[in-house]
Amino acid sequence: MDHNSENIVPLFKHSGKDNGTGGGGDGMDGIIKKVEQLEKDTHQIKVDMATLTERSQNFASKSALEALIERSAHFATKADLEILRTENALTRADLVKEISASESRLNTKIDSINNRIIWTLLVPALTAIILWFLKVAVLKV
């Protein structure tokens with residue numbers, strides 16, 4: 001007996017009894033019951049296959065899932081957005097500090113330039129005007 005014949009289940013087992021019908025009537029009733037059970041099982045298999053076929057139409061393929069994952073990688077979660085907002089606020093605060101420091105340095109440089117202008121141009125000019133006035137008004141030279 002090969003290994004495939006072990007899986008075969010006979011539909012009819014002859015008991016060796018004959019109830020007088022000449023063909024073993026018990027055997028025929030058993031076959032009818034088994035055929036009826038097979039019909040029920042076949043119907044259930046058809047229903048299950050139809051259900052699975054319907055469900056399988058909504059299954060995503062591996063490539064569709066990979067594409068969805070790739071697209072979703074570009075979207076940020078609420079936590080990611082909150083982190084970005086916090087980083088944005090910190091960056092803005094740093095920029096305000098830098099602008100304020102730049103304004104302070106610029107004001108210092110402007111003050112320095114003003115002082116140079118006063119001492120290099122205005123003081124000699126005023127000295128010259130005062131000396132001219134003294135010469136003309138007081139000394140009458």
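Let's start with Glu82. This residue is partly exposed, at 43% relative accessibility. Keep in mind that we are looking at a predicted model.

What does the side chain of Glu82 meet in a salt bridge? The partner is Arg85, and the N to O distance is 3.5 Å. Arg85 counts as exposed, because its relative accessible area is 52% and the cut-off is over 50%. Now look at the spacing. Arg85 and Glu82 sit three residues apart in helix H3, so about one helical turn separates them. As a general point, side chains of opposite charge can pair when their charged atoms come close. How many salt bridges does the structure hold? The count is one.

Next, the overall layout. The protein has three helices and zero strands. Read from the N terminus, the order is α-α-α. Helix H2 covers residues 62–72, and helix H3 covers residues 78–139.

Stay on helix H3 for a moment. Leu121 is found there. Is Leu121 buried or exposed? Leu121 is exposed, because its relative accessibility is 54% and anything over 50% counts that way. Leu121 also belongs to a nonpolar patch on the surface.

Now the whole protein. There are 141 residues, and buried ones make up 1% of them. The accessible surface comes to about 13,100 Å². Of that surface, 63% belongs to carbon and sulfur atoms.

Last topic: confidence. The average pLDDT for the protein is 80. A score of at least 70 is reached by 81% of the residues. Which element has the highest mean pLDDT? That is helix H3, at 88. Helix H2 has the lowest mean among the elements, at 81. One stretch needs a flag. Over residues 18–24, the pLDDT is below 50. Beyond near neighbours in sequence, that stretch has four contacts in the model.

Key:
Residues are numbered from 1 along each chain as its sequence is written. Side-chain values use heavy atoms; hydrogens and water are left out. pLDDT is the predictor's confidence in each residue, from 0 to 100. Helices (H or I, at least four residues) and strands (E, at least two) are DSSP runs, numbered from the N terminus. Contact means heavy atoms within 4.5 Å. A salt bridge is a side-chain nitrogen of Lys or Arg within 4 Å of a carboxyl oxygen of Asp or Glu. Buried means under 20% relative accessible area, exposed over 50%, partly exposed in between (1.4 Å probe, protein chains only). Patches are made of residues with over 30% relative accessible area and no salt bridge: like charges are joined within 9 Å, nonpolar side chains (Val, Leu, Ile, Met, Phe, Trp, Tyr) within 5 Å. Accessible areas come from the Shrake-Rupley method with a 1.4 Å probe; for residues, only the protein chains shown count as cover.
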